[in-house]
Each structure stands twice: as C-alpha cells, then as structure tokens.
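Here's a quick briefing on pockets and helix packing. Have the sequence and the 3D view open as you read.

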Amino acid sequence: MTDERLTQYRRDGYTVFKGAYDETTMQAWRREQDRLQSVSTGPYAQKTSFWFGNMLERAPHLMWQAVANPQVLDFAEQVVGPFIQLDNLTLAAFPAKAKDDPTAQQCGWHRDRWAHMPSGQYDRPLSMNAICYLQDLTVESGPLRVITGSHITPVTMDEKQRGEPHPDEELLYLEAGDLVLTHNGLLHSGTPNTSGKKRYFFSVYYNISWLKCTDTFDGPNCRQLIAWARSRNDHRALRLLGQDDHLQARGNSGFQEPDEGRWAQWSAADRNAITELDA
Ligand SMILES: O=C(O)CCC(=O)C(=O)O
C-alpha cells in the first residue's frame with residue numbers, strides 16, 4: 001500500500017489518508033478554534049481573527065497528535081527521508097460568504113511555501129502540507145481544487161487565471177477527518193465557503209530540517225515538548241521541533257548510494273534509539 005501510495009504521490013502531487021481523525025478529536029479542534037476566535041480582540045490579537053498560527057505552542061495537548069501523526073510521518077520520510085521538521089501549524093475557520101457576494105466564486109491558486117516552478121521532472125519536495133478539514137467538503141462548504149501533476153508540469157497562471165476555476169482542475173470533496181498531503185509544487189486552491197457555517201481546517205506544514213521555520217519553538221510549551229523528546233532520545237520528535245542532531249552527518253553523507261536505502265536505515269536507527277520511559 002505504501003509503495004502504491006508513493007508512486008501515486010509522485011505522479012499526482014498529493015495523497016489522501018481517508019478518515020485520519022475521528023469526530024471526538026475534530027470536535028476538540030473546532031472548539032479550540034472557536035475559543036481562539038472568541039478571545040481575539042484587543043491589542044494583543046492578530047489582525048485576521050479566524051486564522052491562528054503557532055498552534056503547537058498555543059495548544060500542545062490538542063495539536064501534538066496532528067504534528068506527530070505516525071502514518072503521515074512514516075510516509076513523508078519515504079518521500080524525502082528522515083528530515084521532517086514542522087514549518088508551521090495553522091488552525092483556521094473560513095467564515096461563510098453570501099452566495100451573491102462577488103468574491104464567493106473566487107479561487108486562490110498557488111503553490112506552497114519553498115516551492116519553485118517545476119522543470120518537467122519530479123523533484124522531491126522541500127515542504128509538504130498536511131491539510132485536514134473538520135467538516136465534509138461540499139459544493140457549499142467548498143472543495144479543495146488541485147491541478148494534478150502540476151508539481152511536475154510547469155503550469156503557469158496570469159493574475160486573472162489565479163482567481164478562476166481552471167480547465168484542468170479536479171475538485172476534491174474530502175470528508176471530515178480525511179487528510180490530504182500535498183507536494184509543495186502542486187497548484188491548489190480552496191473554494192469560498194457559502195454553507196452558512198464556518199469552514200474549519202488545519203494545516204500541518206512540514207519542511208526539510210535544514211530550512212528555517214515559520215512558527216517558533218522557543219515558547220514554554222514547545223520547550224517542554226523538546227525536553228520530553230530529548231529525555232526519550234526521540235530524534236523524529238526532536239526534528240519536528242527544529243532540533244536535528246543528525247543534520248550534519250546525514251546532510252553531508254557522501255551520497256554514494258541510492259537515497260531511499262539510506263533514508264530507510266536512518267529512520268530505523270531513529271526508531272531503535274528511542275528509550276521508552278514508561279517501560
Ligand atoms: O482552503 C483550502 O481548502 C486550501 C488551503 C490552502 O490552500 C493551503 O493551506 O495552502
């Protein structure tokens with residue numbers, strides 16, 4: 001299944017993990033977004049009050065499971081090797097627009113952070129977006145639009161086209177709790193929400209551990225997570241939090257053997273190094 005998924009991800013530029021999260025977990029995330037939004041007034045609040053970054057620091061007890069999802073990380077390590085770091089974690093809920101609002105038809109096509117215009121051949125991504133919607137995507141709540149293969153094909157768009165449906169687009173009507181993992185070169189767009197309700201989603205954005213991060217991990221909650229990961233010698237967890245102890249050795253390994261073999265060895269070494277504190 002993983003090999004099939006890898007082939008499909010490299011070809012299409014995304015893969016879907018069906019039913020990654022259950023309703024109880026999603027309900028807690030939706031409540032947290034509601035809470036953050038309800039207290040987002042005053043000089044200490046950011047401007048857009050429905051979009052919250054640095055979510056791991058804000059709510060580690062709720063969000064760590066999303067950052068460290070083993071199914072996603074096992075797969076992501078197959079795509080780029082054990083170099084997965086958290087770039088940023090965002091929890092948001094797009095407010096509903098009126099159906100006759102002129103912006104209710106507007107797309108927002110883009111490739112993601114750290115991408116580049118593709119050259120016509122597959123390159124491993126410098127970052128990946130793990131997006132999960134906390135309600136079903138319907139015509140009203142707005143599907144995710146993707147241009148399959150646009151992480152390989154140098155599809156370009158002028159300013160007008162960036163706001164319009166695209167002839168090659170596919171509309172993904174994901175169900176609540178499904179998780180889509182995209183290649184940062186994939187052209188994609190949300191769809192405006194006209195459901196009358198909030199359109200909740202979160203994005204766990206991973207990058208390669210030699211890049212800079214957008215979120216910060218020096219707050220008390222992330223420092224506590226780092227201390228916990230260090231106490232159990234958990235290199236995967238440390239890396240997610242910006243601490244890659246193997247970066248120099250693995251990032252300058254000589255590259256004389258196929259990458260996939262080396263990555264599998266390093267991932268296994270990380271697993272074997274963990275000291276189970278509760279054992
Ligand atoms: O709103 C959406 O469905 C897409 C979100 C998105 O484009 C992104 O996280 O980069």
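Which element provides the largest share of the lining of the largest pocket? That's E9, with four residues. Before going on, note that this is a predicted model, where local features need pLDDT of at least 70, side-chain atom pairs count only at pLDDT 80 or more, and totals for chains, interfaces and linings use all residues. Residues are numbered from 1 along each chain as its sequence is written, and side-chain values use heavy atoms, leaving out hydrogens and water.

**Largest pocket**
- The largest pocket holds about 700 Å³ of space (a pocket is an open set of points on a 1 Å grid over the protein atoms alone where a 1.4 Å probe fits, with protein on both sides within 12 Å along at least five of seven lines; lining residues have an atom within 4 Å of a point).
- It has 32 lining residues, and Trp 51, Phe 94, His 110, Gly 190 and Phe 201 sit closest to its centre.
- Strands E3 (84-94), E4 (127-133), E8 (188-189) and E9 (199-208) each give two or more residues to that lining (strands are DSSP runs of E, at least two residues; helices are runs of H or I, at least four).
- By class, the lining splits into eleven nonpolar, 16 polar and five charged residues, with Gly counted as polar.

**Second largest pocket**
- This one has about 270 Å³ of space.
- Of its 16 lining residues, Leu 73, Asp 234, Arg 236, Ala 237 and Ile 274 are the closest to the centre.
- Helices H5 (70-80), H7 (235-240) and H9 (259-273) each supply two or more lining residues, and H5 gives the most, with four.
- Its lining has eight nonpolar, one polar and seven charged residues.

**Helix packing**
- H2 (residues 23-38) and H4 (residues 60-67) pack at about 125 degrees, their axes 10 Å apart.
- Thr 25, Ala 28, Trp 29 and Glu 32 in H2 meet Leu 62, Met 63, Gln 65 and Ala 66 in H4 (contact means heavy atoms within 4.5 Å).

Methods: Points joined across faces, edges and corners; volume = space filled by probe spheres on them. Axes fitted to C-alpha atoms, helices over the stretch in contact; angles between N-to-C directions.
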